[in-house]
Amino acid sequence: MTTTDKIFDSLLVMQCQSGNKKAMTLLVKRWHVRLCKQAYWYTNDIEASKDVAQDSWSKILLKIGNLKDPNSFGSWALTIVTRNALDWQRKHKKEQGNLNSYHKENSGTSLDHDHNEMVFLQLKKSIKELPKNQQIVLNLFYIEEYSIKQISKIMNVSTGTIKSRLFNAREKLKLILKKQKL
């Protein structure tokens, strides 16, 4: 996320706090897809991720007036989504196990055999072998492009823990990929 985007989001947040409905609508449009992706990372279910994101928006819009630092909107909103998704995950643990086994059995049957696609899928599969907390840190750092400090706020753990998880995730991923000769 660029500095310009963060500044624009900060201005939207301040306008939302002043009661501007158009700013609120624009903020939702700018962030909804990202929040759905964040929820999907935990739920692995498109419909559930939409539900989690929607529930999160209810909380976000209700509490946006209490946000003291408008510049931290992104990490604050992602924290809310993450916590809601973890709650959902706890509630649906058994269902999730069944869904994951179904995806493992049926993945890769109708995929294009392009080399890049295969490498991407193999990498994605390898990441799924990592512990969930390491998967989350990799996603936030490489996909969502959050800093270590922002990730520590989102996950509510120290920056040292985030650095450790990131390092360990990279090392484990290297070993997994070496075994697969990717």
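**Two helix pairs in a predicted model**

Helix α7, residues 132-143, and helix α8, residues 148-155, have axes that come within 10 Å and cross at roughly 135°. Please keep in mind throughout that this is a predicted model. An angle over 145 degrees would count as roughly antiparallel; α7 and α8 are therefore oblique to each other. The crossing in which α7 passes α8 is right-handed.

Which residues of α7 and α8 make the contact? From α7 come N133, I136, V137, L140 and F141, and from α8 come I148, I151, I154 and M155. Sorted by class, 8 residues of this contact between α7 and α8 are nonpolar and 1 is polar, while none is charged.

Let me stay with α7 for a moment. The helix has 12 residues, and the distance from its first C-alpha to its last is 15 Å, close to the 16 Å expected at 1.5 Å a residue. Its buried residues are Q134, Q135, I136, V137, L138, N139 and L140. Among these, I136, V137 and L140 also belong to the contact with α8. After α7 comes E145, whose phi is positive, near 60°.

Is Q135 buried or exposed? The cut-off for a buried residue is under 20% relative accessible area. Q135 has a relative accessible area of 4%, and it is therefore buried. If neighbours within four places in sequence are left aside, Q135 is in contact with W41, I127, K128 and L130.

I now turn to the second pair, α2 and α4. Helix α2 covers residues 21-43 and helix α4 covers residues 73-91; their axes come within 9 Å and cross at roughly 40°. Here too the crossing, of α2 past α4, is right-handed. On the α2 side, the contact is made by L27, W31, L35, Q38, A39, Y42 and T43. On the α4 side, the residues are F73, G74, A77, L78, V81, T82, A85, L86, W88 and Q89. How many residues of the contact of α2 with α4 are nonpolar, polar and charged? There are 12 nonpolar and 5 polar residues, and no charged ones.

Finally, consider Q89, which is found in helix α4. With neighbours within four places in sequence left aside, Q89 is in contact with Y42 and K132. Q89 and N44 are 45 residues apart in sequence, and their C-alpha atoms are 9.6 Å apart in space.

Terms used:
Residues numbered from 1 in each chain as written. Predicted model: local features only at pLDDT ≥ 70, side-chain atom pairs only at ≥ 80, totals over all residues. Heavy atoms only, no water. Axes fitted to C-alpha atoms, helices over the stretch in contact; angles between N-to-C directions. Helix = DSSP H or I, 4+ residues; strand = E, 2+ residues; numbered from the N terminus. Parallel < 35°, antiparallel > 145°, perpendicular 65-115°, else oblique. Left-handed = near helix turned anticlockwise from the far one by under 90°. Contact = heavy atoms within 4.5 Å. Nonpolar A, V, L, I, M, F, W, Y, C, P; charged D, E, K, R; others polar. Expected span 1.5 Å × (residues − 1). Buried < 20%, exposed > 50% of the residue type's maximum accessible area, 1.4 Å probe, protein only.
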